[in-house]
Every structure is written in C-alpha cells, then in structure tokens.
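Please keep the sequence and the structure in view while reading.

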Amino acid sequence: MAYQREFERRLDVAFVGVGSHAYRNLLPLTTYLPVRLRAFCDVNLALAKVTAEQYGVERCYASAAEMYRNERLDAVFLAVGPQLHPELACEAFRAGLHVWMEKPPAMRASEVEGMIRHRGDRAAVVGFKKVFMPATRKAVELLSMQQYGPLRTMLAEYPMSIPADGDQVLRDGRYTNWLGNGCHPVSLMLAVGGPPKAVTVYRAGAGGGVCLVEFAGGALGNFHMADGASMSQPCERYSFYGNGCTIVIENSSRVVLQRGIPFEYGRTATYAPAGTESGAVVWEPQNSLGTLENKAAFTQGMYDEMAYFCDCILAGRPVVHGSLEFALDVMKVYEAALLSDGGRVEIASEGRGRLGAEAAGPTP
C-alpha cells in the first residue's frame, strides 16, 4: 500500500456530496489513494467551500453538470443518497467519467439496469464495503481451497426487519432500513455464495425473521434477521460451512477457521492434540499499534473498495467486484425479499460478482 504523495500516477477526481459520511469516512481515505482532489460539489455550497478549504480544493459547485463542464476530471465519487445515484451516475458517464458510488446503488433494480446501459467503457464500482473487507476475502480464499470447499451453507446474523407491505414500499419508492443497511449482509452473502437463484422470507410476529437465499451454485444462505439486537454492541456474525470446516466472521474484524480435531467418540481424551494441523486458526487486528490494518476504514473494507476502483482505472482492468452487475443482483434480492411474504421468488441473476480466490481489493 502507498500514500497519496507517493504515487507517480494519480487520477483527477471530484466528490459529489461532502456531508457527514463523506467527511468522516471517505475524504480521509484519499490520503491513501492515487488521486488529486480537484473539485467538490454539494447542494450546500457553503459546506462544500469550508470542506474544500480544509482539503486544499480550489473550486466548488452546487451543480454536478456544471462541474463536469468546467473541470478536467478522470473520475467522480458519489457520496449522496440512492435516490440521486442513477441520474448523477448517468450524467457522469455521458461526461466520460469513471464513477464510484456509495451503497445502495439505487431505489430499484431497473435503475441499475439503466446505469449499465449508460456506462459504456467507463469503470463503475458500488461501495459495498463488506464485499471488500479483509474478513470476507479470507473466507473466500479458504473456501476456494480443496480441503475446505466448496461452500455448502451459510448463516448470516444481522439486526434487521423487512417491511410487511413490501409491494407498497416498491410502488411508493420508499427508503427503508432493508435497503439502506440490508444491502450489507446481502452483498456479503452474494460475494461468498455467488449469483442468487431464489429468495424466500418468513417474518416473525414481533419483527425480524428469516430470509433464505438459494444460490445458483447449490449453496443455501440463511439470513437470520435479528431484529431487536442492540446496534451499540457487536451485532453481526457470518458462518460458512464447507468441507469439514466452519469459517466464522465476527464483528467484521475477526475470522475463525474451525478445522476440528482427530476424534473418536468415547475414545478421544484431549481437545488439544499434538501439532498444528487441527483445531482453530484465528485472524484479528493487532490493536496495540498505531498502524492501518486495525483502523475501521480498513477492517470494514472502505479503503479497499475505493482503492480497487482507482486501481481498475489506472491499470485499464474491467471491474469485477462491486460492479453494477453485482449491484443489480443485490437489488434483485432486495426486491424479491420485499415481495416474498412466505413464497419462493425466483431471480434471473446476472451471474457475476462472487469474489475470486484472489483478493478483491488492491495489492497490499
């Protein structure tokens, strides 16, 4: 990994949206990206200007179209709501720009299809951070190994509830937590499990429930919607069951590979047999050092998703991870879950997006 001042080649970029999320999480990460910040755009022009002063950005705009006309840019980062992504992304594509956008990508799957039609040869990445986080990539790497794969089933636990009036939500274009945060566990599940085939949702009477995702490759995903769990404590967990192993991601920052031990019922007398070829292996950040791998922006995948976007542009590589095709599959699961109400809803998947055995993010 390199720092902005160390890159020989850098992209001229702009940010559309400099609100709370961009200010806290995205703009600070430009320190580690091969970029030059050329302009900011926000409907709150005063906010854009005071932020620009901090980052040494000379020009600010209230209109993205005006910014695209006046600036010589390579790419744009969209840090606004999903209601605005389709129009702003297509506008940027028409201006010849590469586009990174925050999740969720849109309000409806059809809007993602529209972005795909307008994308042309431009790179487009959606910031599904859990697709890019190191823990997810480690799980995929392990499941790609012959001794541990293939994936058979998975269990995702996340505080969530799906609205009972799902068809009305879609008709009204209503923004719900199922869209805003549900895309986190869903995108991780698709990154590991591959293209979705069908969705079935069962709701609990007091909130929450179960969302079953069938994958085209044969695996089955059980998304336990743990509605009622406190968001102020560790609140999510993912378990993947392969060939003689269990892989667990805890709180986005701890990966445990349970390999089991040599075992004979009624005969085995120790849980810690000799050697290192059995038992558990654990990966977690070292929090006693002021380094990068233990910072939330890195453990949660936010750095990797933005760096991957920049790397694809500079290297001329097609986007695979976090692509609009992958985003379309996520949105299809989102819509199918709203419509299920106990019934099985089949999905025509784009068939892309599962992480390969190689890291989804940039080269460390």
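Helices and strands are here DSSP runs, of at least four residues for helices and at least two for strands, numbered from the N terminus. By that numbering, P150 is found in the loop between helix 7 and strand 7 (153-158). The model is predicted.

**Packing of helices**

- Two packed helices are described by the angle between their axes and the distance between the axes.
- Helix 10 (residues 183-193) and helix 13 (residues 324-340) have axes that come within 10 Å and cross at roughly 120 degrees. The two helices are therefore oblique to each other, and helix 10 passes helix 13 in a right-handed crossing.
- On the side of helix 10, this contact is made by C183, V186, S187, L190 and A191, and on the side of helix 13 by F326, D329, V330 and V333. By class, the residues of the contact are seven nonpolar, one polar and one charged.
- Helix 10 also packs with helix 7 (residues 134-143), at an angle of about 25 degrees and with the axes 10 Å apart. An angle under 35 degrees counts as roughly parallel, so helix 7 is roughly parallel to helix 10.
- Helix 7 passes helix 10 in a right-handed crossing. T136, V140 and L143 of helix 7 meet L188, A191 and V192 of helix 10, and this contact has five nonpolar, one polar and no charged residues.

**Cysteines and helix 4**

- A disulfide is a covalent bond between the sulfur atoms of two cysteines. A search of the whole structure finds zero disulfides.
- C90 is in no disulfide, and the nearest cysteine sulfur, that of C41, is 16 Å away. C90 is buried, with a relative accessible area of 9%.
- The sulfur of C235 is 14 Å from the closest cysteine sulfur, in C183, and this is too far for a bond. C235 is likewise buried, at a relative accessible area of 17%.
- Helix 4 (residues 85-94) is mostly covered, as eight of its 10 residues are buried. Among them are H85, P86, L88 and C90.
- Just after helix 4, G96 takes a positive phi of about 85 degrees.

- V248 is found in strand 12 (residues 246-250). With a relative accessibility of 5%, V248 counts as buried.
- V248 and A135 are 113 residues apart along the chain, and their C-alpha atoms are separated by 9.2 Å.
- Leaving aside residues up to four places away in sequence, V248 touches R237, Y238, S239, R254, V255 and V256.

- Most residues other than glycine have a negative phi, and most peptide bonds are trans.
- K103 and P104 are joined by a cis peptide bond with omega of about -20 degrees. P104 lies in the loop between strand 5 (98-102) and helix 5 (109-119).
- The peptide bond from G149 to P150 is also cis, and its omega is near 0 degrees.
- N251 has a positive phi, near 55 degrees, although N251 is not a glycine. N251 is in the loop between strand 12 and strand 13 (254-258) and is partly exposed, with a relative accessible area of 39%.
- D341, also a residue other than glycine, has a positive phi near 50 degrees. D341 lies in the loop between helix 13 and strand 15 (345-346) and is exposed, with a relative accessible area of 61%.

Methods: Residues are numbered from 1 along each chain as its sequence is written. This is a predicted model: local features need pLDDT of at least 70, side-chain atom pairs count only at pLDDT 80 or more; totals for chains, interfaces and linings use all residues. Side-chain values use heavy atoms; hydrogens and water are left out. Axes are lines fitted to C-alpha atoms, for helices over the stretch in contact, and angles run from 0 to 180 degrees between N-to-C directions. Angles under 35 degrees count as roughly parallel, over 145 as roughly antiparallel, 65 to 115 as roughly perpendicular and the rest as oblique. A crossing is left-handed if the near helix is turned anticlockwise from the far one by less than a right angle, and right-handed if clockwise. Contact means heavy atoms within 4.5 Å. Ala, Val, Leu, Ile, Met, Phe, Trp, Tyr, Cys and Pro count as nonpolar, Asp, Glu, Lys and Arg as charged, and the others, Gly among them, as polar. A disulfide is a pair of cysteine sulfur atoms within 2.5 Å. Buried means under 20% relative accessible area, exposed over 50%, partly exposed in between (1.4 Å probe, protein chains only).
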